[in-house]
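Me: Let's go through this structure term by term. I want each label set against its definition.

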Amino acid sequence: MRVSMIGAGYVGLVSGACFADFGHEVCCVDKDPAKIEALNRGEIPIFEPGLSELVAKNVREGRLTFTTELPAAVRGAGAVFIAVGTPSRRGDGHADLSYVYQAARDIAAAIDGYTVVVTKSTVPVGTGDEVERIIREARPDADFAVVSNPEFLREGAAIADFKRPDRIVIGTEDERAREVMTEIYRPLYLNQSPVLAMSRRTAELTKYAANAFLATKITFINEIADLCEQVGANVQDVARGIGLDNRIGSKFLHAGPGYGGSCFPKDTLALIKTAQDYEAPVRIVETVAAVNSQRKRAMGRKVIAACGGSVRGKTVAVLGLTFKPNTDDMRDAPSIDIITALQDAGARVKAYDPEGMEAARAVLADVDYARDAYDCARDADALVLVTEWDMFRALDLRRLKAALAAPVVVDLRNVYRPDEMRRHGFTYTSVGRG
Ligand code: NAD
């Protein structure tokens, strides 16, 4: 089938490359000419493991193309996916749907023949109705259906998640559209990925409910970690002790500096706003968002406490900047709040991240970027591990201690063992291991 993907970002590019790999003919459209030029030169604008090879293979085999020309990509396509950004709207926290609606207008002008317009972007309940209205208004003659097909992939494991999803959610009341979606995802039925058919509004809400639940799980264990520190308990043992209960599950029970990234913060906020508008407030999620946003800066205070109560004039080395490992995505990364809190308290910050430094430069001022972890640690008065990249999991502790001016380590991901760190002579602080 001919498929076009509007928006060639983290979701659009991965989805487009994977659909092409299933055998579909895919054209990815982006309004950013620099992104499309890079892709046409064979360069991948983001860091995502395996993506470069997957894109190259499908381009070579003629199933994947890139363009800025939306009309040409949409004409003759059986399905047009909208995978543009839906960031928080400045000021009120609602999802900013301007990119989605612009894409809908652009698609409306170009469709010919029966076309399934699929919203893959995370959008509030009712957005599909509005997309349908926009297209219908512009093209009363058009033969089309609007489907919700939210995406659940995780950055850093996006290809595996897309090709072996826990489930595929398809929201539509249109039988013809359901058949088209079934055809597109047929290769995954062979993997026996469950396909859940539901109404469009239900599908839209399912995505927010999933992210809000995961954010709640993280925030829950983070608060238990704080309590562990006060009562002398170990959060990792608590997490294992509850996680082995099948009703709870062990995933997303890692205490840390608070969730960040391009999805959880904005999606929890958007759900809160939708729920308030419908007078069915989601108070648990409201609390989760408030607790999490305070937590990131509190991690800065944790570092200051580990440095004896003041970092004025001191140098703090930060390892890991991206919101999680295996991505270059800095959107809403906890490192931003932590570093800003340290700078506000008078610290000089050095940092190293294997993939995120270019994006970090755009959002963080006055940070010295290092060549590697040891270069980052050199002459610093404390080292903070913020993002648990594999390369930070087995640092040479002797070398690290020799590089630091003071052997103070704050491990916000509980990567190291407290007894081992103490044996090596570090003053070691972690999360929830009282
Ligand atoms: P992104 O910012 O990486 O990519 C969006 C792309 O869309 C950009 O390249 C932008 O130039 C392009 N674009 C915007 N308007 C356009 C238009 N009218 N025509 C053509 N291109 C246009 O965003 P992302 O991280 O891929 O997220 C996209 C959506 O998917 C969001 O709604 C997000 O919440 C959702 N989502 C993201 C993830 C994730 O891990 N990043 C996971 C699941 C769902």
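Reply: Helices here are DSSP runs (H or I, at least four residues), numbered from the N terminus. This is a predicted model: local features need pLDDT of at least 70, side-chain atom pairs count only at pLDDT 80 or more, and totals for chains, interfaces and linings use all residues. Residues are numbered from 1 along each chain as its sequence is written.

Me: Why is helix 1 called mostly covered?

Reply: A residue is buried if 20 or more other C-beta atoms, placed from the backbone, lie within 10 Å of its own. In helix 1, twelve of the 13 residues are buried. Among them are Tyr 10, Val 11 and Asp 21.

Me: How do you know that the span of helix 1 agrees with its 13 residues?

Reply: The expected span is 1.5 Å times one less than the number of residues. For helix 1 that gives 18 Å, and its end C-alpha atoms are 18 Å apart, so the two agree.

Me: Which domains does the assignment give?

Reply: Domain 1 (2-198) and domain 2 (226-429). The bounds come from an automatic or database domain assignment. Their C-alpha centres lie 33 Å apart.

Technical notes: Helix = DSSP H or I, 4+ residues; strand = E, 2+ residues; numbered from the N terminus.
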